[in-house]
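Subject: Model handover and interface notes

Hello,

The model we discussed is below. My notes on its interfaces follow.

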2 protein chains.
Amino acid sequence: MRFNKLTVEAIEHFKRIVKPENVLTDEETLKRYSHDETEDLSYLPDVVIKPENTAEVSAVLKFCNDNSIAITPRGAGTGLSGGALPVFGGVSLSMEKMNKIIKIDERNLQAHVEAGVITEALIEEAAKLNLLYPVDPSSKGSCFIGGNVAHGSGGPRVVKYGTLRDYILNLEVVLPNGEVIWTGANTLKYASGYNLTQLMIGSEGTLGVITKVVVKLVPKPQFNLVMLASFPSAENACEAVAAIFRAGIMPSALEFMERTGMEWVIKYDDIKFDVKDHINAYLLVEVDGNNLDLLRTDCEQIGEVLYCFGCEDILLGESAAEKDELWKIRRKMPLSVKANSVYKEEDTVVPRAELPKLLKGIKDIGNKYGFKSVCYGHAGDGNLHVNIIKDSMSEADWESKLPLGIKEIMELTVSLGGTLSGEHGIGLIQQPYMSIKFSDFHLQLMRNIKLVFDPKGILNPGKIFN
Amino acid sequence: MRFNKLTVEAIEHFKRIVKPENVLTDEETLKRYSHDETEDLSYLPDVVIKPENTAEVSAVLKFCNDNSIAITPRGAGTGLSGGALPVFGGVSLSMEKMNKIIKIDERNLQAHVEAGVITEALIEEAAKLNLLYPVDPSSKGSCFIGGNVAHGSGGPRVVKYGTLRDYILNLEVVLPNGEVIWTGANTLKYASGYNLTQLMIGSEGTLGVITKVVVKLVPKPQFNLVMLASFPSAENACEAVAAIFRAGIMPSALEFMERTGMEWVIKYDDIKFDVKDHINAYLLVEVDGNNLDLLRTDCEQIGEVLYCFGCEDILLGESAAEKDELWKIRRKMPLSVKANSVYKEEDTVVPRAELPKLLKGIKDIGNKYGFKSVCYGHAGDGNLHVNIIKDSMSEADWESKLPLGIKEIMELTVSLGGTLSGEHGIGLIQQPYMSIKFSDFHLQLMRNIKLVFDPKGILNPGKIFN
């Protein structure tokens with residue numbers, strides 16, 4: 001065993017570093033922190049620690065490093081790749097008490113927040129000042145900014161506004177030895193040595209613990225419109241996606257949903273929507289801007305493109321209630337799928353025009369191995385969430401055939417110029433597929449970077465690399 | 001000496017790796033490759049090698065690594081921080097023959113190019129397809145994409161479109177041991193292990209040699225308008241910058257120029273423009289989009305903001321010729337300053353609302369040490385190019401007092417939340433100031449990352465770190 005077990009003395013020491021009530025070892029708490037939103041995986045930590053400031057994070061990390069104790073940082077536990085699972089036990093370091101919006105700097109269009117701020121809380125505070133923080137993962141109501149940064153999380157608005165990566169200016173990070181650094185500067189541009197901010201984004205808590213985040217904000221567009229388009233052919237719907245951009249239009253969201261996903265959302269969430277017999281896929285398209293007439297023209301143009309690809313019907317959401325109702329369908333889909341069957345979710349991403357090939361390939365692979373899948377996701381970014389459904393598949397087939405099928409899906413994704421994960425991260429569950437994308441040399445480069453930051457390997461051990 | 005001298009045998013070996021005519025040792029060539037655009041610095045390489053493909057780059061690097069020969073990658077030599085100077089001699093590896101636009105992928109809005117493609121060549125090819133590659137440094141007519149990536153180069157359109165960083169999807173990179181990797185995937189999103197694409201951006205040729213680049217393109221806006229606003233007070237002009245964004249407008253460029261820069265441009269480039277007596281600064285503002293009426297409204301709104309900050313006069317450029325003329329003033333400014341005096345250029349960047357404080361501080365520091373400066377730059381990004389002018393300053397003062405003054409400018413920049421360089425990089429000449437921004441621990445982290453990629457330190461030695 002490469003890590004030391006936690007002793008009673010260690011627990012006592014932690015209670016001197018943070019408030020005693022922020023060191024928890026009761027069974028119920030350990031169980032609650034043993035899982036995130038990744039399937040039904042569960043690994044018990046030995047202790048849950050909830051620091052309230054950076055100095056406490058630093059002291060906890062230093063102690064773990066000095067004593068070879070495994071420590072796994074944890075955001076809100078909404079991850080879908082098992083990144084927050086304490087697979088070697090030890091400390092689960094929950095950032096939930098570092099939840100202050102330190103300031104919204106209106107003059108510079110920046111916000112300074114602690115890592116445990118809920119994403120939607122920041123979005124709402126910014127909106128009050130007519131500012132937009134456009135990074136809104138489906139779990140925005142509960143996920144933390146720090147977790148978003150650690151996973152390089154996305155969301156529907158990437159397609160127009162860029163990824164989270166484009167909005168993170170500077171990070172306060174605690175290294176395993178307890179050192180605290182600011183990775184960059186609070187500036188829009190940065191050409192001052194290796195960009196550790198960007199290296200930290202998507203490093204899944206394996207290089208350092210993010211404690212504070214400086215984000216860029218943009219002026220909030222005054223208006224938006226939402227369309228829901230129905231397609232008999234799912235592949236045609238995918239084809240239409242690339243065509244919208246080729247028409248010179250930049251939607252603020254462009255989401256794809258398969259029929260089954262729609263049926264389950266209706267069942268699970270009591271949403272009123274008529275799923276017509278021959279419709280197999282939907283596109284949810286949002287446009288935003290400061291001129292409503294122009295947005296209507298955009299919608300007309302988008303409509304023309306969609307109809308060229310066999311779209312049969314378009315619902316337009318203009319009022320806030322209508323738009324919310326359409327968005328609700330998409331936002332609720334992950335939970336609906338989860339509620340209906342044992343499942344496994346992949347987070348494939350390809351260049352956007354390759355989506356039709358990816359979708360067809362996934363269905364072919366499913367037919368070969370005998371599994372069904374429900375696909376939805378950020379089609380505008382080429383990011384397709386593939387929910388493989390157990391349904392009536394036997395336990396034996398689920399255990400033996402599924403890994404082969406997923407491997408083929410990953411091989412297909414990579415062969416189309418894509419990669420294993422667009423926004424969920426590698427975490428625990430995508431590790432078996434790393435060698436499909438990366439050479440041994442490339443993997444070793446990454447492992448050696450890990451060693452630079454965390455020579456003893458105490459920080460989120462067992463993640464990204466196998 | 002940590003590097004081996006180049007032997008005749010080594011030169012012969014290089015001539016077997018690349019075409020013999022691509023291995024140059026004549027005095028004139030060595031002299032030409034001994035400098036870039038950084039002041040009057042000059043360091044002779046022992047040989048200039050011009051590979052034509054990735055395999056050649058790989059073989060040259062492997063040989064240098066095996067034989068401890070210093071090798072300095074070189075783009076177009078337009079750098080302003082000395083990044084391409086072969087300070088330890090050895091090989092100058094010029095990427096100029098890897099200059100193919102491999103493809104513009106219209107379906108996916110991507111371009112695949114070799115590292116030696118001139119930035120403007122890509123911009124023009126993309127424009128033919130109504131696509132925009134918005135990363136346009138002042139030197140776009142001669143600089144290479146690979147050099148832009150290596151330096152994290154910027155340009156005026158960052159303010160609306162984001163930095164180069166947001167447009168680089170994937171890189172083919174050759175490591176010192178000759179291994180070739182693609183750092184990422186050709187996708188808009190990426191959450192698959194450490195992001196080596198982003199680490200490579202801005203690493204100034206110290207981690208690997210960039211051989212191919214996949215960039216993101218966006219639909220090209222159909223229209224733009226340009227305004228040139230005159231201000232009696234330079235600080236008021238800077239104050240106006242942040243106010244434009246607060247008014248909810250997102251210009252596609254927002255450039256600041258001091259009066260002296262304007263006078264020199266007029267003199268140097270025979271531009272017809274009346275510099276009025278009491279005007280001390282100018283803002284060049286561009287807006288772009290697909291609706292000309294809306295752009296006119298934007299200009300009116302911007303005008304209202306500018307007049308609130310004491311703007312006296314606004315010239316509007318509507319025709320292509322008028323717009324070109326206004327842009328020419330800004331684009332020609334760096335060369336004009338260079339032509340007029342011995343100078344030293346700094347590339348300060350701060351949160352944009354801190355610009356007035358930065359500008360005032362720079363002038364105060366100049367008064368203290370007895371130097372003049374001409375400031376211009378990407379005010380919308382808080383990125384101010386400070387050109388310190390020798391003018392009538394004595395050689396002794398230039399040598400002794402200037403470093404003290406620059407050190408104070410850098411301290412001021414960092415104290416305002418900024419950093420040493422926004423887009424020029426650290427290279428050779430900003431190294432003395434690294435400790436103002438970074439702790440020893442932070443610097444050591446970067447050095448250790450360097451060791452992961454380049455354990456023998458053959459690649460662009462003497463850069464970034466001292």
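I start with one contact between the chains: the side chains of E106(B) and R246(A) meet in a salt bridge, at 2.4 Å from N to O. Please keep in mind that this is a predicted model.

Chain A against chain B

Between chain A and chain B there are 8 salt bridges. Polar contacts join 32 residue pairs between the two chains, with both residues at pLDDT 80 or more. The elements of chain A that each supply at least two residues to the side touching chain B are β9 (180–182), α7 (196–200), β11 (218–219), α8 (234–246) and α15 (440–453). Of these, α15(A) gives the largest share of that side, 9 residues. By type, the residues of chain A that touch chain B are 37 nonpolar, 34 polar and 14 charged.

The contact takes in 85 residues from chain A and 85 residues from chain B. The area buried between the chains is about 6600 Å², and carbon and sulfur atoms give 61% of that. K189(A), Y194(A) and R246(A) supply 15% of the area that chain A buries against chain B, more than any other three residues.

How are the two copies related?

Domain 2 against domain 3, within chain A

The domain assignment divides chain A into domain 1 (101–219), domain 2 (222–338) and domain 3 (341–425). The C-alpha centres of domains 2 and 3 of chain A lie 22 Å apart. In their contact, 20 residues of domain 2 meet 21 residues of domain 3. The buried area between these two domains is about 1800 Å², with 66% from carbon and sulfur atoms. On the domain 2 side, F256(A), E258(A) and V337(A) lose the most area to domain 3, together 29% of what that side buries.

Across this interface there is 1 salt bridge. The side chains of E258(A) and K363(A) meet in a salt bridge at 2.9 Å, N to O. The side of domain 2 that touches domain 3 draws at least two residues from each of α8, β13 (253–258), α9 (259–269) and α11 (320–340) of chain A. Its largest share, 7 residues, comes from α8(A).

Regards

Methods:
Residues numbered from 1 in each chain as written. Chains lettered and ligands numbered in written order. Predicted model: local features only at pLDDT ≥ 70, side-chain atom pairs only at ≥ 80, totals over all residues. Heavy atoms only, no water. Contact = heavy atoms within 4.5 Å. Buried area = accessible area lost by both parts, 1.4 Å probe. Salt bridge = Lys/Arg side-chain N within 4 Å of Asp/Glu carboxyl O. Polar contact = N/O pair within 3.5 Å; in protein donor to acceptor, adjacent residues only side chain to side chain. Helix = DSSP H or I, 4+ residues; strand = E, 2+ residues; numbered from the N terminus. Nonpolar A, V, L, I, M, F, W, Y, C, P; charged D, E, K, R; others polar. Domains from an automatic or database assignment.
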